[in-house]
2 protein chains.
Amino acid sequence: MGVSERGPRERMVFSAAQLIRRDGVMATGMREVAAHANAPRGSLRHYFPGGKEQLVNEAVAWAGQYAARRVARFMAALSEPTPSGLFAAMVQQWTDEYRASGFEGGCPVAAATVDCAQSTDSTRDAAADAFARWTRPVAEALTDMGVPADEAEPLATLMISALEGALLIARAERDDRALTVVARELGPLLDSRARQPSPGD
Amino acid sequence: MGVSERGPRERMVFSAAQLIRRDGVMATGMREVAAHANAPRGSLRHYFPGGKEQLVNEAVAWAGQYAARRVARFMAALSEPTPSGLFAAMVQQWTDEYRASGFEGGCPVAAATVDCAQSTDSTRDAAADAFARWTRPVAEALTDMGVPADEAEPLATLMISALEGALLIARAERDDRALTVVARELGPLLDSRARQPSPGD
DNA sequence: TCGCTACTATGACAGCTGTCATAGCGGCAT
DNA sequence: ATGCCGCTATGACAGCTGTCATAGTAGCGA
């Protein structure tokens with residue numbers, strides 16, 4: 001509920017993101033997106049006059065926004081916020097999905113980067129924006145947990161890099177080993193960069 | 001010289017890897033591979049009776065072997081081998097390429113994973129093999145530098161994960177920032193896991 | 001010369017892609 | 001009811017894809 005009440009336009013963007021993260025941008029057809037979204041094919045042109053490029057870009061932007069929102073949720077769910085706890089939560093979202101539903105999909109932003117970084121400049125921009133939008137709340141969360149301001153963004157970039165790379169390996173291996181490994185190995189480093197929290201917290 | 005003396009078959013595999021890392025698997029056509037390799041189109045079927053799937057898989061395997069070989073070279077080039085030095089060399093290979101030739105291509109194994117992990121099982125296997133073949137020499141180098149045996153492979157996975165993820169971000173941003181960041185941030189962690197080398201080395 | 005083998009050339013095939021043009025529907029305001 | 005507008009339906013288009021069938025060439029051994 002709630003999900004299916006969205007308009008066809010939003011459903012198509014969502015479906016595009018889902019199909020892209022499964023099969024890549026090039027292998028995802030527009031007719032397929034419409035069918036997956038239970039949206040009429042005749043509306044594709046109406047909602048996305050910019051063609052596939054526009055649809056893909058919006059799907060990538062949606063994915064970036066989604067990832068950013070998740071960061072806030074993870075922070076809210078942590079009883080004692082620590083950098084390693086946040087990273088573990090980000091990783092766990094994926095291990096949970098992979099264990100529950102199989103290794104079908106990866107990150108749509110990664111897929112867009114691989115398939116369009118060279119061919120479609122606007123999509124490459126959309127992917128860069130998505131990464132930036134995702135990095136920002138992570139860096140802010142780190143500063144809130146006591147990481148010095150000039151170290152927060154680099155650490156956030158490291159977290160997202162390690163997560164994206166581990167996602168690739170996990171999907172290739174059909175095993176979440178790489179994901180759990182990076183969470184375990186990177187955790188202590190992340191916490192060591194944070195000031196000790198004041199006892200009164 | 002030497003490069004162009006290879007047979008057409010090997011040239012096609014090499015060209016396939018190059019084109020795949022630029023445009024992805026799906027956007028890379030077989031006619032395009034033959035043309036790029038200056039190989040006759042009529043030979044495609046003869047050398048690769050398994051079709052595109054076989055060609056892609058061999059390109060991925062080639063990339064994995066190439067990455068593995070590079071590790072040995074990096075180790076040999078380091079005057080004082082340290083984990084952070086090895087990782088810095090792995091990263092620098094990419095920053096050098098990006099600074100010199102632009103952000104045209106990424107990692108072919110990553111591209112194959114994104115495009116084929118769900119659709120083509122044999123290619124997913126090839127990608128997993130490539131990652132494994134790449135991880136092994138890294139882990140062995142780490143043990144040689146004093147990293148405990150049970151920590152070497154996880155650390156190698158972390159290094160490759162961070163590198164692959166940073167590659168994606170760098171390509172999307174057309175900026176090697178993410179690459180240099182992960183090298184700088186991960187270096188101390190890697191060295192801290194190695195025993196102090198004996199003074200006599 | 002014959003035959004065999006390795007390799008190449010060429011063209012055709014069905015299938016799919018994104019794009020576009022045209023037409024039609026339904027509802028709402030005037 | 002009239003006209004407009006958001007939305008949809010349908011079909012066609014050229015272009016490309018991987019695959020395949022057929023034929024042809026060069027070279028080498030007997």
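1. A residue is called buried under 20% relative accessible area, exposed over 50%, and partly exposed in between (1.4 Å probe, protein chains only). By that scale Phe14(A) is partly exposed, at 31%. Trp62(A), at 28%, is also partly exposed, and so is Tyr66(A), at 36%.

2. This is a predicted model, in which local features need pLDDT of at least 70 and side-chain atom pairs count only at pLDDT 80 or more, while totals for chains, interfaces and linings use all residues. Residues are numbered from 1 along each chain as its sequence is written.

3. Chain A has nine helices and zero strands (DSSP runs: helices are H or I, at least four residues; strands are E, at least two; numbered from the N terminus). Buried residues make up 54% of its 201 residues.

4. The structure holds eight aromatic pairs over all chains. Rings of Phe, Tyr and Trp (its six-membered ring) pair if their centres lie within 6.5 Å; planes under 30 degrees apart count as stacked, over 60 as edge-to-face and the rest as tilted. The ring centres of Phe14(A) and Trp62(A) are 5.2 Å apart with planes at 85°, so this pair is edge-to-face. Phe14(A) sits in helix H1 (residues 8-23) and Trp62(A) in helix H4 (residues 51-77), so the pair ties together parts 48 residues apart in sequence.

5. Trp62(A) also pairs with Tyr66(A): the centres are 5.4 Å apart, the planes are at 10°, and the pair is stacked. Both residues lie in helix H4, four residues apart, about one turn of the helix. Phe14(A), Trp62(A) and Tyr66(A) form one aromatic cluster.

Definitions and conventions: Chains are lettered from A and ligands numbered from 1 in the order in which they are written. Side-chain values use heavy atoms; hydrogens and water are left out.
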